[in-house]
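Here are my notes for you to read with the model open on your screen. Take the points one by one and find each residue as you go.

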Amino acid sequence: MKKNIAIGILVFLVLYLIFSFHPPQRIEGMNFSKLAELPLLQNGRIKPLDTVARTALTSLTGKQTLNDGIRKMTALQWFLETVTKPNLADEFRLFPIKNPDVKNFLGFLDEPQSMFSFKALLPHLKQIWEQGDEASKLDSAEMSAFQKEILLLKNRLWMYFQIKNTFKSEDITSLTDELGAYQTVLTVMTATIKHGNSTDALSQDSIDKLAPYITRFRFMDQTAFAFAIPPISATHAIDNWSTVGKSLLDGLRQKELNPAISHWASILESYKNSDSLTFNSSVFQYITYLKTLHHIPFKMVKLELFFNYSQPLYKSIVLYVAVFLMAISSWIVLKPELKLASYYGLLLAFGVHTIGLFLRIIIQGRPPVTNLYSSAVFVGWGSILLGILLEKLFKNGLGILVSGLIGFVTLIIAHNLSLQGDTMEMMQAVLDSNFWLSTHVITICIGYSATFLAGFLAIVYILKGLFTTSLDPEQERSIGKMVYGVICFGLLFSFIGTILGGIWADQSWGRFWGWDPKENGALMIVLWNAVILHARLGKMIKTRGLMLMAVFGNIVTSFSWFGVNMLGIGLHSYGFMGQAFIWLSLFIVSQLIIIVIGSLPFTYWKSFRKSDTASIEDPK
């Protein structure tokens with residue numbers, strides 16, 4: 001009966017995963033699922049149009065769908081609206097402004113909403129650009145809250161401006177008409193040169209007709225958000241992708257246009273005119289053409305689309321929350337079927353988490369950790385794997401509880417990091433080494449995982465002892481063994497990872513150790529874990545002391561993981577995130593509070609008051 005209930009809950013969670021899978025639907029008869037496959041090159045990586053649209057809208061609004069209170073649409077639909085109907089898109093509320101000083105500066109202080117359209121901001125562009133330029137001259141630590149938000153607003157406006165001018169200059173109504181007129185000029189020019197055997201034969205009239213096109217196409221090339229035109233030849237395929245503007249300019253020299261341009265023109269024009277038949281046909285014809293080039297990685301494009309539609313890492317957040325709640329409930333109501341269900345749910349959540357992790361590895365062709373976002377995904381994954389192993393060994397439910405909590409926290413961190421844009425972007429040159437990414441970075445992140453797991457187990461010990469009567473001597477010894485073993489594991493991997501990092505630094509920078517902030521942070525983790533074990537083995541601390549020091553390990557590790565990046569100095573500051581300072585500070589304060597309350601006399605601990613304290617190890 002208990003097992004049936006647990007399986008029933010597991011089936012419910014599986015159904016949630018199945019029914020929350022949402023590939024794009026047809027909109028007014030238009031096949032958006034095929035449109036989403038169209039490849040573009042951006043930031044050194046070929047990706048589907050769906051990814052370009054999602055990351056752009058997320059960078060602007062913090063969400064993957066547009067819902068400004070007036071209209072609701074997917075990122076892909078929003079992207080097409082912006083490209084084909086810029087005047088209409090200018091009315092979409094895309095730009096968040098929450099700082100009251102910025103709102104006051106722009107004259108919006110009395111406006112109740114916090115989202116504004118490009119049209120509303122248009123009269124203030126000059127002031128925004130001037131203030132943004134001034135703010136960009138400062139280090140992040142020197143900027144005021146006003147300057148940080150005005151610079152962010154400027155960057156978002158520039159991104160929006162780039163998107164509008166990627167496929168055509170926004171002042172041009174029809175790309176198809178533009179191409180037709182331009183092709184006519186090219187034909188006349190080619191015939192004239194052929195007849196006169198020299199460009200000197202061009203008349204002034206021909207030059208005057210050509211000049212506006214050259215101006216517009218250069219502008220499009222300089223402002224394009226992505227490279228939309230693949231090369232016809234497979235030689236150096238990625239290097240030879242072009243913007244629409246550059247490809248149109250190349251038509252002057254080559255005397256013909258890349259076929260991809262006319263395909264894009266037909267797709268965009270038919271969408272603008274709501275011509276679903278022509279739209280679907282144009283998309284199909286373009287995909288057919290692309291497959292003849294043989295250098296477009298369609299398998300990877302489709303795999304990335306599956307990743308986008310299934311959103312395994314976001315779904316894992318929901319599952320980890322369910323696991324945590326079931327684990328807590330099983331302790332409160334003492335229902336073993338809930339504990340069993342939480343264990344099954346944890347395995348399911350971990351499985352989905354693992355799928356998301358490995359899909360990213362395959363799509364990128366890189367080891368699992370390449371930036372701060374992927375480190376959050378991997379650190380959480382490593383902690384949960386250790387938590388599952390602890391649950392198999394001790395069977396006390398603590399591994400389930402802590403794994404659910406860590407899974408939720410780390411993936412929420414990853415989710416917030418994803419708001420910056422593409423999470424699979426190209427890496428810093430010094431990091432572009434699969435061997436060292438597979439050794440040093442992964443090993444050091446496993447050290448992070450273990451240290452955090454020990455710290456969160458210690459938090460459970462403190463909270464159970466203080467606020468419940470369930471921390472009996474047997475459970476106390478069990479948690480003590482768990483924390484001690486995990487810290488040993490964390491010390492081993494932190495030490496090995498730090499040594500490997502030194503070897504990598506010697507190969508990349510010519511020195512093994514340079515007292516760089518990130519190096520110092522890694523060394524702090526090694527030393528702190530060593531201090532904990534030394535104090536425990538030397539009997540300077542007992543169980544409570546071990547727990548308090550393990551909680552402080554959370555502070556040390558979080559500072560090494562994120563804090564050194566916020567300093568903005570050193571060779572390791574690749575993932576600078578000044579806006580995370582408040583959250584890191586709050587986390588550190590929360591850990592200090594737990595340490596303080598964990599240091600209260602045992603007369604305040606419910607678990608110690610309710611039994612003979614002599615039967616419980618008297619921890620320091």
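Over the ring of which residue does the charged end of Arg544 sit? Keep that in mind for point 1.

1. The ring belongs to Phe602, and the charged end of Arg544 is 4.0 Å from its centre. Another case to look up is Arg216, which lies over the face of Tyr213 at 5.1 Å from the ring centre. Do remember that this is a predicted model.

2. Next, the nonpolar core. The largest one has 87 residues, and Leu457 and Val483 touch the most other members. Helix 20, which covers residues 434-467, gives the most to this core, with 17 residues. Apart from this core lies another one, of 82 residues, including Met73, Leu76, Leu175 and Val185. As background, nonpolar side chains tend to be buried together in soluble globular proteins.

3. Have a closer look at Val483. If you leave aside its neighbours within four places in sequence, Val483 is in contact with Ala454, Leu457, Ala458, Leu546, Met547 and Ala550.

4. Back to helix 20, where you'll also find His440. Is His440 buried or exposed? His440 counts as buried, because its relative accessibility is 16% and the cut-off for buried is under 20%. Its side chain reaches the backbone nitrogen of Gly501 at 3.2 Å. Not counting residues up to four places away in sequence, His440 touches Gly497, Leu500, Gly501 and Trp504.

5. Now the aromatic rings. The count comes to 30 aromatic pairs. In one of them, the ring centres of Phe21 and Phe306 are 5.8 Å apart and the planes are at 40°, so this pair is tilted. It links distant parts of the chain: Phe21 is in the loop between helix 1 (2-19) and helix 2 (32-35), while Phe306 is in helix 15 (residues 298-310), 285 residues apart. Both partners are partly exposed: Phe21 has a relative accessibility of 33%, and Phe306 has a relative accessible area of 39%.

6. Then try Trp561 and Phe562. Their ring centres lie 4.6 Å apart with the planes at 45°, so this pair is tilted too. Here both residues are buried, with Trp561 at 3% relative accessibility and Phe562 at a relative accessible area of 10%.

Note on methods. Residues are numbered from 1 along each chain as its sequence is written. This is a predicted model: local features need pLDDT of at least 70, side-chain atom pairs count only at pLDDT 80 or more; totals for chains, interfaces and linings use all residues. Side-chain values use heavy atoms; hydrogens and water are left out. A nonpolar core is a set of buried Ala, Val, Leu, Ile, Met, Phe, Trp, Tyr and Cys residues joined through side-chain atoms within 4.5 Å. Buried means under 20% relative accessible area, exposed over 50%, partly exposed in between (1.4 Å probe, protein chains only). Helices (H or I, at least four residues) and strands (E, at least two) are DSSP runs, numbered from the N terminus. Contact means heavy atoms within 4.5 Å. A polar contact is a pair of N or O atoms within 3.5 Å; within protein, one must be able to donate a hydrogen and the other to accept it, and residues adjacent in sequence count only if both atoms are side-chain atoms. Rings of Phe, Tyr and Trp (its six-membered ring) pair if their centres lie within 6.5 Å; planes under 30 degrees apart count as stacked, over 60 as edge-to-face and the rest as tilted. A charge sits over a ring if NZ of Lys or CZ of Arg is within 6 Å of the ring centre and within 35 degrees of the ring normal.
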